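Here are a few exercises to work through with the model open in your viewer. Try each one before reading its solution.

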Amino acid sequence: MTTIIAFIVIFCILVVVHEFGHFYFAKRSGILVREFSIGMGPKLWASHKNNTTYTLRLLPLGGYVRMAGWQDEEDEIKPGTMLSIILNDAGKVTRINASDKTTLAGGMPVQVSHVDLVKDLVIEGYPNGDEEKMERWSVDHDATIIEEDGTEVQIAPEDVQFQNAPVWRRLIVNFAGPMNNFILAILTFIIYGLMFGVQVLNTNQIGTVLPGYPAAQAGLKSNATIQAIDGEKIHSFTDLSSKVSKQAGKSVTFTVKEHGKTQNVVIKPNKDGKIGVEALIEKSPARAFTYGFTQTWDLAVRTWDVLKSMVTGGFSLNKLAGPVGIYTMTSQSAKGGLQGLLFFMGYLSLGLGISNLLPIPVLDGGKILLNLIELIRRKPLKPETEGVVTMVGLGLMVLLMLAVTINDIMRYF
């Protein structure tokens, strides 16, 4: 149960942070965000504020930002459909109910003849179903519509639609999601450093000596300074680890300084090339702040190397992880308590940001690529062409996700 809760919490944090990046910069760019959802599936709760509907949905896996003209189709209301509408004092439509799951108090029933909620913002139809009396109503620019599932969102006039914003603004909106994941990774590692300290690898002073290992058995104490190994000087914990790992099963002479006294201690690394010492841990705001950036950069380089190896060294599903794989890693991280989960969340946030920047249609990187092509061509691709590219990319992503999930299950069991 702990693993399930940790998985849901981490996944929701990553998705909400990612989507908030898109949300914030879309708002700043004058693009209407019709809905900001936490979770997927049936709606549990909704609130409308500042032109955006905020929803909480049943399945706590993921979430989305629904922008006008981007992730949703136009509100298509066919002739003959029965609606109910609310008019303001000026006779303009301010609310539309297109759902049979809810009743609009005080609404006027209308049998639709023609509806345009994008350009002309009008509704034509027969009030109270009286087919002898056709009327036409103007729709307020900020009117709301109750959709089939009962969710009330703002209509999407063309001036606030995503595709009508300047291309450089759309590029920023597309990049904002991954950017937020990078920022979250940095902040997570800073918090990690503040709470649990940071390993200091550029010093030859060790931290903790683990009981039951060769170093403890030889009498080595925590916080001792290792000056040399077999007469060769040691300058950092990295040097120490490198040299000891090559001496598995062999007796090694360590020149050790403790409490101002220098002595030689003979230690025999175990078969894994370890003597049981950990790096010195430092807790300080300055060290934690630096660690947030350096750890994020180091993991980004490693992630990039893995992605590059998939192209140059052969593709392998074992280098990827889907929901099952992430759940398994969450379970392993949970064994390390809050420390393990916090580090894992930082790593996962970074990975989510990097993977979303891959130039694959349906991912943010694919959308950014289309933005750059539009900047170079000085005109956008035809909607039909962009639609085909997106559908092909979506199909490939679905197949890849299925393959990765099946591979994760096979590995897990």
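Predicted model: local features only at pLDDT ≥ 70, side-chain atom pairs only at ≥ 80, totals over all residues.

**Exercise 1.** Which residue in β13 is the bridge partner of Ile229?

Residues are numbered from 1 along each chain as its sequence is written, and side-chain values use heavy atoms, with hydrogens and water left out.

Step 1. Find strands β11 (residues 225–229) and β13 (residues 252–258), which run antiparallel over four bridges. Strands are DSSP runs of E, at least two residues, and helices are runs of H or I, at least four, numbered from the N terminus; two strands pair if DSSP finds at least two bridges between them.

Step 2. Read off the partner: Ile229 bridges to Phe254 in β13.

**Exercise 2.** Find what stands opposite Ile229 in β12.

Step 1. β11 also pairs with β12 (residues 232–233), antiparallel, over two bridges.

Step 2. Glu232 is the residue facing Ile229 there.

Step 3. Check the turn: two residues separate β11 and β12 in this hairpin, and Asp230 has a positive phi of about 50 degrees.

**Exercise 3.** Classify the ring pair of Phe23 and Tyr54.

Step 1. Rings of Phe, Tyr and Trp (its six-membered ring) pair if their centres lie within 6.5 Å; planes under 30 degrees apart are stacked, over 60 edge-to-face, the rest tilted. The structure holds 13 aromatic pairs.

Step 2. Here the centres are 6.1 Å apart and the planes at 65 degrees, so it's edge-to-face.

Step 3. Phe23 sits in helix α1 (residues 2–28) and Tyr54 in strand β2 (residues 52–67), so the pair ties together parts 31 residues apart in sequence.
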